[in-house]
Amino acid sequence: MGEFTGKVALITGGSRGIGRACALAFAKRGAAVTIGYASNQAAAAETLELIAGAGTKGTAIQFDVADGSAASEAVNKVIAEHGRIDVLVNNAGIAVDGLVMRIKDEDWDRQLNANLRGAFALTRAVARAMMKQRQGVIINIVSVVGETGNAGQAAYSASKAGLIGLTKSVAKELGSRNIRVNAVSPGFIETDMTSQLSAQVKIRMLDSIPLGRLGTPGDVANAVAFLASDAASYITGEVLKVNGGMYM
């Protein structure tokens, strides 16, 4: 029996990268896992195979997190299938880099919608069910640049900083109903995004990390699983840094 046996988790952006690692972390610990994904059906199917290999039930729902109606419908599907929802991991997000003088309005809007509005829409959708249960956990995946800022990432940084504010505010609103809300803030993680960087850029990145390596999706997933567990039952409104010491 795993520590999440009988629990139900919804993880957005769950078809690959950090989201996939989170899905597997919950599956290996016994949870019934639903992944949300935007478009990559092949990657979603592969994640479901990995979840099945972990010996638990997995389902996938394709939807746009920034669409409030679609977010509510996705949550309702999870509850209709399982009768409850215990954990929401708001991981879905995009990054479109560009200097503030050059970034287009549509690129600003896309990032704020996917990274911040999407998390808000799903949080609002699960809040009522979790309040009735008088129990639940919401974990938002933010970013080190939401804490430090980063040249060329004004929109992305703003969206993640906003998500930190959302985390703390909702933690205060829902704490009395035994609903905990926290954030995990990854640093440089080995994902599809960082794999496209040049060797020179990676060397500069490593120079800024005291532990001397990039993080893995598993490093982030382990932090998420901890915050969702009973071991973190007295932690809410926190931002847990998973960055190898690059920002303290």
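This is a predicted model: local features need pLDDT of at least 70, side-chain atom pairs count only at pLDDT 80 or more; totals for chains, interfaces and linings use all residues.
Colleague: Which residue of strand 6 stands opposite Ile138?

Modeller: Strand 5 also pairs with strand 6, again in the parallel sense, and here the pairing runs over six bridges. Within this pairing, the residue of strand 6 that stands opposite Ile138 is Val181.

Colleague: How many residues of strand 5 are buried?

Modeller: From strand 5, Gly136, Ile138 and Asn140 point one way, whereas Val137, Ile139 and Ile141 point the other way, and all of them are buried. Buried here means under 20% relative accessible area. Strand 5, residues 136-141, is therefore mostly covered by the cut-off of under 20%, and the count of its buried residues is six of six.

Colleague: Which element gives the largest share of the largest nonpolar core?

Modeller: This core has 34 residues, and Leu10, Phe63, Leu88, Leu122, Val126 and Ile138 touch the most other members. Among the elements that give two or more residues to the core are strand 1, helix 3, helix 6 and strand 6. The largest share, eight residues, comes from helix 4.

Colleague: Which residues does Val126 touch, leaving out those up to four places away in sequence?

Modeller: Val126 is one of the residues that touch the most other members of the largest nonpolar core. With residues up to four places away in sequence not counted, Val126 touches Val75, Ile85, Leu88 and Ile138.

Methods: Residues are numbered from 1 along each chain as its sequence is written. Side-chain values use heavy atoms; hydrogens and water are left out. A nonpolar core is a set of buried Ala, Val, Leu, Ile, Met, Phe, Trp, Tyr and Cys residues joined through side-chain atoms within 4.5 Å. Buried means under 20% relative accessible area, exposed over 50%, partly exposed in between (1.4 Å probe, protein chains only). Helices (H or I, at least four residues) and strands (E, at least two) are DSSP runs, numbered from the N terminus. Contact means heavy atoms within 4.5 Å. Two strands pair if DSSP finds at least two bridges between them.
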